[in-house]
Amino acid sequence: MPPPRPASSAFALGWLLLGSLGAAAAWVLVAMALNAQSSWMALVAAADAALIVRLVRLRPGLARAVLGLASTLLAVVAANWGIVAAWLGGYMGLLPWESMLKLGGGFGWLLVQLSNSPADMAWIAVALVASLMASR
């Protein structure tokens, strides 16, 4: 039986984008349900990215590790943006996706900085390192 062919770049990037946004959406739902930042979900995003780079059969190495890291970082950024937008939009009578479009970059960044404690940042850092190591 011949070895499986590696995935095309567009196919792999599409699945990584889909996985990142799916993990971010799940993270936002958990954070809203628990009324907390739930930064431990970054580890779920890291595991998701590591699984996807393997499932799409990217060749092992530095490129695959960097793609896994980038996918996890995208999930972290999207989830934090979504959590801040959902929290702020709730006070303004907006749905989360409406608030995400109206939230400015500077104000959004300020709210993300204020909502993440040092423990949250540690969870995110551990997840980024775990994603890099698991995606190799």
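This is a predicted model: local features need pLDDT of at least 70, side-chain atom pairs count only at pLDDT 80 or more; totals for chains, interfaces and linings use all residues.
Visitor: What percentage of the residues in the protein chain is buried?
Guide: Buried means under 20% relative accessible area. The protein chain has 136 residues. The buried share of them is 38%.

Visitor: Which elements give two or more residues to the largest nonpolar core?
Guide: The largest nonpolar core has 14 residues. Trp27, Ala42, Val76, Ile83 and Ile124 have the most contacts inside it. The elements that give two or more residues to this core are helix 1 (9-34), helix 2, helix 3 and helix 6.

Visitor: Which residues does alanine 42 contact, leaving aside its neighbours within four places in sequence?
Guide: Alanine 42 is one of the residues with the most contacts inside the largest nonpolar core. Contact here means heavy atoms within 4.5 Å. With the sequence neighbours set aside, the partners of alanine 42 are Trp27, Thr72, Val76, Trp123, Ile124 and Ala127.

Visitor: Is threonine 72 buried or exposed?
Guide: Threonine 72 is found in helix 3 (residues 62-92). It touches Ala42, Ala45, Ala46, Ala49, Ala127, Leu128 and Ser131, not counting residues up to four places away in sequence. Its relative accessibility is 0%, so threonine 72 counts as buried.

Visitor: How far apart in space are leucine 74 and serine 20, C-alpha to C-alpha?
Guide: Leucine 74 is found in helix 3. Beyond residues up to four places away in sequence, leucine 74 touches Leu17 and Ser20. Leucine 74 and serine 20 are 54 residues apart in sequence. In space, their C-alpha atoms are apart by 6.2 Å.

Visitor: Which elements give two or more residues to the nonpolar patch?
Guide: Leu34, Trp40, Leu43, Val44, Trp123 and Val126 form this patch on the surface, with about 540 Å² of accessible area together. The elements that give two or more residues to the patch are helix 2 (41-55) and helix 6 (118-134).

Visitor: Why does valine 44 count as partly exposed?
Guide: Valine 44 is found in helix 2. Valine 44 counts as partly exposed because its relative accessibility is 41%.

Terms used
Residues are numbered from 1 along each chain as its sequence is written. Side-chain values use heavy atoms; hydrogens and water are left out. Patches are made of residues with over 30% relative accessible area and no salt bridge: like charges are joined within 9 Å, nonpolar side chains (Val, Leu, Ile, Met, Phe, Trp, Tyr) within 5 Å. Accessible areas come from the Shrake-Rupley method with a 1.4 Å probe; for residues, only the protein chains shown count as cover. A salt bridge is a side-chain nitrogen of Lys or Arg within 4 Å of a carboxyl oxygen of Asp or Glu. Helices (H or I, at least four residues) and strands (E, at least two) are DSSP runs, numbered from the N terminus. Buried means under 20% relative accessible area, exposed over 50%, partly exposed in between (1.4 Å probe, protein chains only). A nonpolar core is a set of buried Ala, Val, Leu, Ile, Met, Phe, Trp, Tyr and Cys residues joined through side-chain atoms within 4.5 Å.
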